[in-house]
Amino acid sequence: MASVPSLASTVQQRLADALSAALPEAGSADPLLRRSDRADFQANGILALAKQLKGNPRELAAKVVGALDSGAVLKDVEVSGPGFLNITVSDQAIVETLAARAADSRLGVPYADEPGTTVIDYAQPNVAKEMHVGHLRSAVIGAAMVEILEFTGEKVVRRHHIGDWGTQFGMLIQYLVEHPHELDHKDDSAVSGEEAMSNLDRLYKASRALFDSDEEFKARSRDRVVALQSGDPETRAMWQRFVDESKIYFYSVFDKLDMQIDDPDIVGESGYNDMLAETCRLLEESGVAVRSEGALCVFFDDVKGPDGQPVPLIVQKSNGGFGYAATDLSAIRDRVRNLGASTLLYVVDARQSLHFKMVFETARRAGWLNGDVKAVQLAFGTVLGKDGKPFKTREGETVRLVDLLDEAVERASAVVREKAQDLTEEEIAERGAQVGIGAVKYADLSTSAARDYKFDLDQMVSLNGDTSVYLQYAYARIQSILRKSGDAKPAAHPELALAPAERALGLHIDQFGETVAEVAAAFEPHKLAAYLYQLASLYTTFYSECPVLKADTPAQVENRLFLCDITARTLHQGMALLGIRTPERL
Ligand code: ARG
């Protein structure tokens, strides 16, 4: 009986089903099918099964081969080595399966079996401060994870845990109280992000200078912190002005990054202020935290300083102040209890790993995190300069994120202009932004997050190699073929024999759904980038070996157009999950 491929089934799954059917005694044992260089797939599961059934693996393998329904999927199977199966699938199975997936707007990518609720903490810059490359990584990796998880059916709640609280606001607010016009705008509607940031920067520097040189101002600033924490309305209103001014800046940068951030999702440190005292009380009452030299601390057997002394997590300082840890613990309570999180995902710099390890452990001891809730830090490494040292300007200052983005867009525009044949200036500018921002995002996403990576714009906008531009060109080239195809329309022809490059391309496209599922489960967007790069490379080979519009027969033209089209749709969907545009023309 010819099996009818379901939308979500892949060639690999159909093959696995056929193998299971051939050997009923295997029950639900995994045939361990893998893509292979020798044939299309290799099945290694028979070894373990033979052990379990106390049989000879080669004999068992031969039995499977004898019983396999040659059906529509299989072309060739042979036993090799101690009892592996090398399997070649039929060309028909490849095209037929892809055709079923092409009919689906999700390209056959299945939803997760048991979707949950992920609260993701990402894109968390600090109020009244510049955004730097570290904020870029959190935003880019976080936004990709949001798209990927939502695509698999997960409910995702975004939380931008911005740094909008702390003692430094005493100094800023006090300065503004004493210089009330420093944040005034001539025309509110026209304030640009850059202007907002330069206002904040000026104010920050001026207040800092006063704070360091004037003891009385320092004292007034400290009183201001108390007023802020106790909710004094005038102080709060002043604080709000800093937050609002900063948001103008943040939004301008996120906009440049082609990234949507929504106001209700910005719940900064201040949002947990009312919970801090209770969080500390609960920790102290349950004995999870203890007083040590006046501070409220949580101790861990395995966390010690260089001197061998335990390093505690300090939830309340001896002067009564609450810090970063108390806020994160309160946020966990809120996210689990009120937002119903089954997963807490933090896209934060690896240098904060010890903090999160201690915070998660404390929350477990306190019972705020139980076995049903997964807490994970998706930790990312440092962005390095070309010289391999942490990214700094020549003067040794941190590089402003906006300057980097502007430069990336500028270089990309030059690349687009050079290649452009029929693009207007306006189109060059638009494509330049899509290519430049895409390049920055892709460079970040294509190395595993935990690793440091070198920020090298020349490499990022290169047309050759593992770059987004290479992928975008592959996509645009396909669109140009599809535009030129005239009356010929993409159509699958499972009856046709495939060239090797067509088979390789088809089998790779077949793995898209599985790749997305793996990437979502392991929080590893770089594997999606790698998948897409390979897709574009296989397409390039196909394109050079298999004429499309000049193929031998009309059916072959249609079938190749079909392969072009599903490649393009897979590239487009995959890049969208990474937050990268695929322009129709380049
Ligand atoms: N604002 C912090 C920074 O710039 C990152 C916040 C991370 N999130 C958190 N829940 N602690 O380093």
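These legends walk through a few close-up views of a predicted model. Local features need pLDDT of at least 70 and side-chain atom pairs count only at pLDDT 80 or more, while totals for chains, interfaces and linings use all residues. Residues are numbered from 1 along each chain as its sequence is written.

**View 1. Two domains.** The domain assignment gives domain 1 (11-89) and domain 2 (401-577); such bounds come from an automatic or database assignment. Taken over C-alpha atoms, their centres are 34 Å apart.

**View 2. Helix α19 against helix α20.** Here α19 (residues 525-545) packs on α20 (residues 554-577) at about 155°, with axes 10 Å apart. Helices are DSSP runs (H or I, at least four residues), numbered from the N terminus; axes are lines fitted to C-alpha atoms over the stretch in contact, and angles run from 0 to 180 degrees between N-to-C directions. That makes α19 roughly antiparallel to α20 (over 145 degrees; under 35 is roughly parallel, 65 to 115 roughly perpendicular, the rest oblique). Residues meeting here include Leu-528 and Tyr-531 of α19, and Leu-563 and Thr-567 of α20; contact means C-beta atoms, placed from the backbone, within 7 Å. The contact has eleven nonpolar, three polar and no charged residues (Ala, Val, Leu, Ile, Met, Phe, Trp, Tyr, Cys and Pro are nonpolar, Asp, Glu, Lys and Arg charged, the others, Gly among them, polar).

**View 3. Helix α16 against helix α20.** Now α16 (residues 468-484) packs on α20 at about 140°, with axes 9 Å apart. That makes α16 oblique to α20. Among the residues in contact are Leu-471 and Tyr-475 of α16, and Asp-565 and His-572 of α20. By class, this contact has eleven nonpolar, three polar and one charged residues.

Notes
Helix = DSSP H or I, 4+ residues; strand = E, 2+ residues; numbered from the N terminus. Contact = placed C-beta atoms within 7 Å.
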